[in-house]
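Me: Please give me a close look at a single part of this model. Start with the overall layout, then stay with that part and the residues around it.

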Amino acid sequence: GGLTMSNWHSETIERFKVLPIESLKYIKSDAYDAATMGETIGNPKTGQYWDEFYYAAMELYRRTKQC
């Protein structure tokens, strides 16, 4: 099997909805580091790291907006 990219996106978004804020903050910073590092070495997964960064940021934003 293995996930198709479209599944990966929707499953990542769903998974982030139930993660604690601390985890999201960690993922956001970790994905940012991986993405910027990946760009310097031409890592093919760089785009996926950016997506994780954005999804974590969007979920954090969604939660803080609700308060």
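Reply: The protein chain has three helices and zero strands, where helices are DSSP runs of at least four residues and strands runs of at least two, numbered from the N terminus. Along the sequence the pattern reads α-α-α. This is a predicted model, so local features need pLDDT of at least 70 and side-chain atom pairs pLDDT 80 or more, while totals for chains, interfaces and linings use all residues. Residues are numbered from 1 along each chain as written, and side-chain values use heavy atoms, without hydrogens or water.

First, the whole chain. Its C-alpha atoms fill a box of roughly 40 × 30 × 15 Å along the principal axes. The chain has 67 residues, and 27% of them count as buried (under 20% relative accessible area; exposed is over 50%, partly exposed lies in between; 1.4 Å probe, protein chains only). Take the contacts (heavy atoms within 4.5 Å) with a separation of 6 or more in the protein chain: residues 24 or more positions apart account for 65% of them.

Now the part itself, helix H3. H3 covers residues 46-66. Its 21 residues reach 31 Å from first C-alpha to last, close to the expected 30 Å, which is 1.5 Å times one less than the number of residues.

Which residues of H3 are buried? They are Thr46, Trp50, Glu52, Phe53, Tyr55, Ala56, Glu59, Leu60 and Arg63. Their cover includes helix H1 (5-17) and helix H2 (21-41).

Glu59 sits in helix H3. Its relative accessible area is 5%, so Glu59 counts as buried. Beyond its neighbours within four places in sequence, Glu59 contacts Phe16, Lys17 and Leu24.

Arg63 also belongs to helix H3. Arg63 counts as buried because its relative accessibility is 16%. A polar atom of the Arg63 side chain lies 3.0 Å from the backbone oxygen of Lys17. That is a polar contact: N or O atoms within 3.5 Å, one able to donate a hydrogen and the other to accept it, with sequence-adjacent residues counted only if both atoms are side-chain atoms.

Next, Thr64, another residue of H3. The Thr64 side chain reaches the backbone oxygen of Tyr61 at 3.0 Å. Thr64 and Ile21 are 43 residues apart along the chain, and their C-alpha atoms are separated by 9.8 Å.

Finally, the loop that joins H2 and H3. Asn43 lies in this loop. With a relative accessible area of 25%, Asn43 is classed as partly exposed. The Asn43 side chain reaches the backbone nitrogen of Lys45 at 2.7 Å. Aside from neighbours within four places, Asn43 contacts Gly38 and Tyr49.

To recap H3: helices H1 and H2 are among what covers its buried residues. Arg63 reaches the backbone oxygen of Lys17 through its side chain. Glu59 is buried at 5%.
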